[in-house]
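I opened this entry to keep a record of what I looked up, item by item. I begin with a sheet and then turn to the rest.

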Amino acid sequence: MTDAAPMRPGGAMVEFSGVGLRYGPDAEILSDISFNLQPGSFYFLTGPSGAGKTSLLKMLYLAQRPSRGIVRLFGEDLVAMPRHRLPGFRRRIGVVFQDFRLIPHLSARDNIALPLRIAGVGEEDLAGPVGEMLSWIGLDERAEAFPPTLSGGEQQRVAIARAVIARPQLLVADEPTGNVDPDMAMRLLGLFEALNRLGTTVVVATHDIHLISRIENAQMMRLEKGRLADPTGALRYPPNRA
Amino acid sequence: MIIPRVPVQHRRLLPDRRLSGPTPWIIAILMMLTLLAAAAGVGLARSANAIGDAIAGRVTVQIVTANPVTRAEQAAALRRAAGAAPFVRAARAVEREELQAMLGQWFGSAEGDDPVLASLPLPALVDIDFVDGDRAGAMAALETLVAREAPGARIIPHAEWLGPVAQLIRSLAWIAGGLVLLMALASAAVVIMTARAALGTHFATIEMLHLIGATDRQIARLFQRRIAIDTAYGIALGSLVAAAILLLIGWQWSGVTAGLAATASLGPAGWALLLALPLLAIALAALTARQTLLAALKKML
């Protein structure tokens, strides 16, 4: 079930305008963030540790509302949106968390199937996609293993599979290759690229500059001290500023 | 539905740790106490009503004329006159042997044949039951009748001396009812604490479920089902123990055939209430859990 209205043709998938974020009475950890993300594009979000990347991603995957400014997702204002409408939007977003957030008492197969089950997909329609996804991440043999028995890399692959299995319109990944070897990192990046070609908008937060250079036509946003900064120059910035 | 239906695959979202926490056991104890208090309340209320009905329209006329022959004649005349009066349902002279047998218990004579007891100038007693209706009018008419047939006799309404006892029993019944209410509130509080603790324990899972698009209802149903089942186990256990205790008390009570104790029984309505209480408790637990969970989930984004 999707609760969101279709995006208007040619419109941005994500629009941030003058967004600020603070936790409690402290100073803003994100200030004056403005950008547009176009449908079907690929973005890297970089910046030093503590720059606010994870906080920015949290707003993208609807775990946090901004303290000020305007955030529009799929053409709708999220700041004023009643919370009962959020699940419909969240089902259109896939998230790869830095700490994986797998449910420890569910098998790898059940973790991957979770978004589809939540969306109400019947068990008979789950087996195929979940099996394919397990094969693709190379974990067929470990489908019934529980996360605590999986290595960090395996957990990360399960987390990625869970994020993409429902074919989200927007994929948000926070350091998705941080725990895997370079070969697996490239395979995972290949998956993101393939999804991107199928129309998914991808936002990847990473420190890995080599990763960034591997994706053609990727655009970069760089965060420094809570503000969007000029990039190194290797990639375009800002991405299609409105 | 008291225990919501949740697909098997969704049930696995919560680890299977049934009966591992204190909740079912606390609920079992509270349920047992609730049922015992409810049974006591129903029994006492019925007893108070029975006593009230019995004493409301009954008086005893005590004839204390010194001459035993005159006393007996006055008693007989009063019984006859009262028996014929339209406001009287029944009139009965209490036999001297009956009085002696009753007093014999205090004189250590089972047969009432103690010589001291036999020498006592016992009053003549006439028990009179009024017909239902105007009790004040009946009392006034009886006073006239007594003045005519047995001058100087004293009319003792039973309500005068048993009334406070009935009132005390009624008060105890209300206290028992209050205890049932308090224990229902305590049970609800236990469920609220359980629901909040469950939310705290499974916060990471809940946050994850929210972020992949689960609705509050979907999440609440998972926990509501688990809490309802856990409390149902506790309620069943508490009900079984309470039933065993009540049956034991009932068995012992069945030997009591005299006095106020004989008026205490549960009756069909009382048993129906006791049977309904566990079901009401499960419904209360499920509803409390649901409201607590939804209220807590609303505080999350």
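**The sheet of chain B**

I looked up the sheet of chain B and found an open sheet of four strands in the order E2-E3-E1-E4, with antiparallel pairing; two strands pair if DSSP finds at least two bridges between them, and helices (H or I, at least four residues) and strands (E, at least two) are DSSP runs numbered from the N terminus. I note that this is a predicted model, in which local features need pLDDT of at least 70 and side-chain atom pairs count only at pLDDT 80 or more, while totals for chains, interfaces and linings use all residues. Residues are numbered from 1 along each chain as its sequence is written, and chains are lettered from A and ligands numbered from 1 in the order in which they are written.

The edge strands are E2 (88–94) and E4 (154–157) of chain B, each of which pairs on one side only. From one strand to the next the twist averages 20°, with axes taken as lines fitted to C-alpha atoms, for helices over the stretch in contact, and angles running from 0 to 180 degrees between N-to-C directions. I then followed E1 (residues 58–63) of chain B, which is joined to E4(B) by four bridges and runs antiparallel to it; Gln62(B) stands opposite Arg154(B) in E4(B). H7(B) packs on the sheet, where it touches E1 and E4 of chain B, and its direction makes about 25° with that of E4(B); two residues are in contact if their C-beta atoms, placed from the backbone, lie within 7 Å.

**Strand E8 of chain A**

Is E8(A) enclosed or open to the outside? Five of the five residues of E8 (residues 201–205) of chain A are buried, so this strand is largely enclosed by the rest of the structure. A residue is buried if 20 or more other C-beta atoms lie within 10 Å of its own, exposed if 12 or fewer, and partly exposed in between, with C-beta atoms placed from the backbone. Thr201(A), Val203(A) and Ala205(A) point one way from E8(A), while Val202(A) and Val204(A) point the other way.

I checked the pairing of E8(A) next. E3 (residues 42–46) of chain A runs parallel to E8(A) and is joined to it by four bridges, with Phe42(A) opposite Val202(A). E7 (residues 170–174) of chain A also pairs with E8(A) in the parallel sense, over five bridges, and Leu170(A) has Thr201(A) as its bridge partner.

**Where chains A and B meet**

I found 20 residues of chain A in contact with 16 residues of chain B. On the side of chain A that touches chain B, H2 (86–90) and H3 (108–118) of chain A each supply at least two residues, and the largest share, five residues, comes from H3(A).

Just after H8(B), Gly213(B) takes a positive phi of about 105°.

**Chain A as a whole**

Chain A has seven helices and 10 strands, and 46% of its 242 residues count as buried. Along its principal axes the C-alpha trace of chain A spans about 45 × 40 × 40 Å.
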